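Trainee: I'd like to learn how to read an interface and an annotated site. Can you walk me through one?

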Protein chains: 2
Amino acid sequence: MSLSFELLKESGPARRATLTLPHGEVETPVFMPVGTAASVKAVPQDVMETNGAEGKGAGIILANTYHLYLRPGHELIRRAGGVHKFMSWNRAMLTDSGGFQVFSLSELRKVTPDGVEFRSHHDGSKHFFSPEHSMEVQIALGADIMMAFDECVETPATWERTKESMGLTHAWAQRSLDYWKEHRHEVPWHNELDGSHQSLFGIVQGGMYKDLRAESAERLVEMDFPGYAIGGLAVGEAREVTREMIAHTLEYLPKDKPRYVMGVGYPDEIVEYARMGVDMMDCVLPTRAGRHGLLFTSQGRLNIKNKQYAEDQNPPDPACNCMVCRRYTRAYLRHLMHTGEPLALTLASEHNLAFYLDQMQALRNEFDQAE
Amino acid sequence: MSLSFELLKESGPARRATLTLPHGEVETPVFMPVGTAASVKAVPQDVMETNGAEGKGAGIILANTYHLYLRPGHELIRRAGGVHKFMSWNRAMLTDSGGFQVFSLSELRKVTPDGVEFRSHHDGSKHFFSPEHSMEVQIALGADIMMAFDECVETPATWERTKESMGLTHAWAQRSLDYWKEHRHEVPWHNELDGSHQSLFGIVQGGMYKDLRAESAERLVEMDFPGYAIGGLAVGEAREVTREMIAHTLEYLPKDKPRYVMGVGYPDEIVEYARMGVDMMDCVLPTRAGRHGLLFTSQGRLNIKNKQYAEDQNPPDPACNCMVCRRYTRAYLRHLMHTGEPLALTLASEHNLAFYLDQMQALRNEFDQAE
């Protein structure tokens with residue numbers, strides 16, 4: 001079984017489904033924590049397996065192709081048996097294409113129709129990513145889901161510039177698809193997991209233009225990917241625009257395949273988008289904010305470094321049942337953060353991840369119980 | 001029950017005992033991990049409760065009075081109910097007197113017979129520690145065991161200078177004892193734990209001079225402390241000298257009370273000293289070394305950052321059964337360390353602590369099984 005997407009229930013545009021992948025089942029709508037360099041920052045894998053009110057942990061996590069390509073190198077991970085074995089995570093995983101990171105290196109890159117030349121942010125060394133090379137790297141990493149190599153247009157961009165960039169994304173999507181079909185048996189666990197392989201998702205671009213978003217979705221659907229992502233959002237535009245682009249694009253995506261909005265968002269956003277019919281989302285926010293002392297709670301955002309929490313003996317979120325909120329106080333977390341103790345990063349990240357995971361769990365429970 | 005020390009077995013100079021304290025029983029000989037600022041660096045409390053081959057975790061941990069006095073402040077911790085509640089650690093704890101840290105601030109301190117004036121290493125603010133104030137702070141923190149306020153002589157020091165410093169330590173020991181006896185009912189958990197209180201240990205000084213060590217031990221034993229520590233060792237002297245001073249001093253300490261050697265040491269040292277009759281030891285080495293990528297294993301020390309481990313799919317220590325060695329490879333730890341992932345600190349510290357705890361567990365098992 002390489003990928004199956006079983007719709008369990010629909011409620012208006014929202015969907016409740018089970019996504020079955022080579023490394024396990026994922027209940028959707030799902031939030032996917034980001035493990036950039038094959039580690040969800042500061043959180044051990046056993047916590048990722050058990051975190052959250054129901055103790056179920058995360059069903060799927062992300063890793064970043066760009067980071068793992070540079071360090072430790074995709075061939076090293078291939079030789080280790082793939083990223084699951086490398087990091088000891090036996091549940092589902094997804095890798096991005098490296099495109100977004102490469103395009104973020106605005107000073108260090110050069111785009112041609114063939115691909116992107118860029119310099120490492122570590123040592124300035126020169127590298128080249130083409131759709132084929134991104135696929136090769138992602139097959140070596142061996143996540144359950146891999147992403148087509150796309151161009152992310154700068155924002156704001158004119159209609160003409162966006163259309164041109166979108167054309168490149170479509171050409172690269174086809175090349176990604178061709179390479180994947182020819183090489184997908186090369187994934188490190190192909191034989192071990194009964195001849196199953198990775199699944200490739202296409203990425204809809206089109207910037208903030210509805211006609212281009214529709215065209216991009218239609219063009220990718222023609223190519224027939226196992227799943228579709230909506231990319232190029234949450235890059236600085238107003239949240240209302242993000243919402244509008246998602247709603248508009250979803251209309252053009254098939255109902256029987258998973259739909260993934262990349263790189264969003266705040267807790268209320270992921271709930272909102274899931275209610276609109278998005279199945280999968282990822283974001284660095286819970287861990288990144290946590291490392292800076294920003295906690296997401298049922299009472300809103302809370303900067304645990306503030307003096308007002310110095311003697312607050314309540315849990316970070318009194319309504320939260322995560323392992324952090326069951327054991328520690330705001331006063332203790334504030335102290336850890338204030339003194340620069342590494343445990344601060346761990347506990348704040350764990351709580352924020354639990355908050356995100358629990359929000360989606362609550363939403364799934366709501367869908368399950370709906371008439 | 002404030003403190004009981006039940007000798008279970010003796011084997012030559014070595015002893016196997018159970019130390020019962022207000023927050024639990026401690027099987028000795030014991031290694032006490034250091035939680036400087038009320039956190040064993042990078043290791044969550046639930047791991048400290050379960051770490052090690054037998055899953056028993058640490059029976060007792062340390063916290064540093066100097067650090068907690070400065071941040072978050074002992075009165076804040078007193079109001080939180082003591083350091084156990086503050087950090088959510090319900091097993092035994094020990095605090096040092098702050099003396100060693102204060103004396104380490106060589107540029108920033110001024111010693112008088114009354115006490116030590118020093119400047120904070122954080123902000124340069126001026127503070128004063130006397131024996132009475134150290135006791136007051138330690139009672140507010142509320143660890144199960146507190147330490148007398150002593151002067152740690154610089155090393156090397158002449159016999160005369162060492163004798164003079166030792167005299168100050170003895171005067172301060174008596175003042176510590178007097179204050180403790182008068183105020184020990186003020187510990188935050190006094191009523192909650194059935195009127196039990198903290199226990200104060202005296203600290204033998206005397207530098208590297210056998211006659212002074214003997215005199216110091218005899219003088220402190222006359223004062224009748226609930227337990228005795230040997231301080232002022234592992235401060236740069238040859239290891240043979242450390243060993244000789246410990247062996248010599250132990251002869252002057254009563255057999256029916258716990259004996260604690262402060263701030264040692266490497267894994268083979270703690271085993272050696274336990275075999276000589278030491279009951280308690282503490283050291284920052286397992287966590288500090290771990291944060292720098294130095295792992296203690298059954299095969300010796302291993303710098304996990306070395307390139308030779310880049311593709312080593314073995315556990316950090318193949319003979320270790322800790323949660324890190326059961327799950328992760330050297331290659332993964334090397335990658336985490338190399339990329340600066342915070343998880344590297346956590347996993348390396350957890351393994352090193354398990355290695356220390358397991359060494360002492362093995363020694364206790366050996367003593368238990370001996371004829």
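Trainee: How much area is buried between chain A and chain B, and what percentage of it do carbon and sulfur atoms give?

Mentor: Keep in mind that this is a predicted model. The area buried between chain A and chain B is about 3,100 Å², with 51% coming from carbon and sulfur atoms. In terms of contacts, 37 residues of chain A meet 37 residues of chain B.

Trainee: How many salt bridges are there between chain A and chain B?

Mentor: For a salt bridge, look for a side-chain nitrogen of Lys or Arg within 4 Å of a carboxyl oxygen of Asp or Glu. Here the count is six. One to click on joins Glu311(A) and Arg79(B), at 2.4 Å from N to O.

Trainee: Which helix gives the most to the side of chain A that touches chain B?

Mentor: That's α13(A), with five residues. By class, this side of chain A has 20 nonpolar, nine polar and eight charged residues.

Trainee: Now the annotation. Which residues does UniProt list for "binding site"?

Mentor: The unreviewed UniProt entry lists Cys320(A), Cys322(A), Cys325(A) and His351(A). They span 32 residues in sequence, but no two of their C-alpha atoms are more than 8.5 Å apart, so they gather at one spot.

Trainee: Is Cys325(A) buried or exposed?

Mentor: Buried means under 20% relative accessible area. Cys325(A), in helix α12, comes out at 7%, so it is buried. His351(A), in helix α14, is buried too, at 0%. Among the residues His351(A) touches are Cys320(A), Cys322(A) and Cys325(A).

Methods. Residues numbered from 1 in each chain as written. Chains lettered and ligands numbered in written order. Predicted model: local features only at pLDDT ≥ 70, side-chain atom pairs only at ≥ 80, totals over all residues. Heavy atoms only, no water. Contact = heavy atoms within 4.5 Å. Buried area = accessible area lost by both parts, 1.4 Å probe. Helix = DSSP H or I, 4+ residues; strand = E, 2+ residues; numbered from the N terminus. Nonpolar A, V, L, I, M, F, W, Y, C, P; charged D, E, K, R; others polar. UniProt positions renumbered as here; feature names shortened; annotations may be inferred. Buried < 20%, exposed > 50% of the residue type's maximum accessible area, 1.4 Å probe, protein only. Lists of a residue's contacts leave out its neighbours within four places in sequence.
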